[in-house]
Amino acid sequence: MDEDFIEKSFADLDDFYPGSKRKRKPVVVKSPEVVPDSSWDSKPYKKTLPNGRDLEMFTIGALAAAVGRPVITIRAWLKEGYLPASPYRLPTKKNINGEDHAGRRLYSRAMVETLVEIFSRNGLMDTKRIEWSMHRQLPHEIAEAWNQIRAEETK
């Protein structure tokens, strides 16, 4: 009987803030959203090159998803020179204040697939962190492969 009394006495404490007559907000448990197609190549941009050739292009987010890294890591790698700069970009836009903002970086399907292949070959797809000092040849290998791809795409 004492247990029932104690439970009834404290039952309403979950409804109110301690020492207050104000009710608590109900707790809403959100279920995780299911993304139907979360692969890196689900949202390509179609871009026509000056030679008239159409290419599927992908953003830095798709590149990051393909190699299993956050976008901020890819941006840091670009800044440090571990990855070459994107050869393609969307047009520059002006914001409300009239300041220019560079367009999104774009990478062709071949570039993304080559990067994934190079990372896989060097055993870097499943590592949490890449120690670039131990892979000094990697930035040169990536740049060379991307330059060759770009040359083939712009022929």
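**Basis of the model**

Helices (H or I, at least four residues) and strands (E, at least two) are DSSP runs, numbered from the N terminus. Arginine 136, for example, lies in the loop between helix 4 and helix 5 (138–153).

The structure is a predicted model, in which local features need pLDDT of at least 70 and side-chain atom pairs count only at pLDDT 80 or more, while totals for chains, interfaces and linings use all residues. Residues are numbered from 1 along each chain as its sequence is written, and side-chain values use heavy atoms, with hydrogens and water left out.

**Confidence**

The predictor's confidence in each residue is given as pLDDT, on a scale from 0 to 100. The chain has a mean pLDDT of 83, and 87% of its residues reach 70 or more. Confidence is lowest in helix 1 (residues 2–10), with a mean of 67, and highest in helix 3, at 94.

Four strands form an open sheet in the order 1-2-6-3, with antiparallel pairing; two strands are taken to pair if DSSP finds at least two bridges between them. Strand 1 (45–48) and strand 3 (88–89) are the edge strands, each pairing on one side only. In general, strands of a sheet pair through backbone hydrogen bonds, either parallel or antiparallel.

Strand 1 and strand 2 are joined in the antiparallel sense by four bridges, and tyrosine 45 stands opposite methionine 57 in strand 2. The hairpin of these two strands has five residues between the strands, and glycine 52 takes a positive phi near 90° there. Strand 2 (residues 54–58) is in turn joined to strand 6 (residues 105–108) by two bridges, again antiparallel. Across this pairing, phenylalanine 58 faces tyrosine 107, and methionine 57 stands opposite serine 108. Strand 3 and strand 6 also pair in the antiparallel sense, over two bridges; arginine 105 in strand 6 is the bridge partner of arginine 89.

**Helix packing**

Helix 4 (residues 109–121) lies across strand 2, strand 3 and strand 6, and runs at about 75° to strand 6. Axes are lines fitted to C-alpha atoms, for helices over the stretch in contact, and angles run from 0 to 180 degrees between N-to-C directions.

The axes of helix 2 (residues 60–67) and helix 3 (residues 71–80) come within 8 Å and cross at roughly 100°. These two helices are therefore roughly perpendicular to each other, a class that covers 65 to 115 degrees, whereas angles under 35 count as roughly parallel, over 145 as roughly antiparallel and the rest as oblique. Ile60, Gly61, Leu63, Ala64 and Val67 of helix 2 meet Val71, Ile74, Arg75 and Leu78 of helix 3, where contact means heavy atoms within 4.5 Å. The residues of this contact divide into seven nonpolar, one polar and one charged (Ala, Val, Leu, Ile, Met, Phe, Trp, Tyr, Cys and Pro count as nonpolar; Asp, Glu, Lys and Arg as charged; the others, Gly among them, as polar).

**Two loop residues**

Threonine 59, in the loop between strand 2 and helix 2, is buried, with a relative accessible area of 18%. Buried means under 20% relative accessible area, exposed over 50% and partly exposed in between (1.4 Å probe, protein chains only). Not counting residues up to four places away in sequence, threonine 59 touches Tyr45, Arg104, Arg105, Leu106 and Tyr107.

Arginine 136 counts as exposed, at 62% relative accessibility. Arginine 136 and tyrosine 82 are 54 residues apart in sequence, and their C-alpha atoms are 9.0 Å apart in space.
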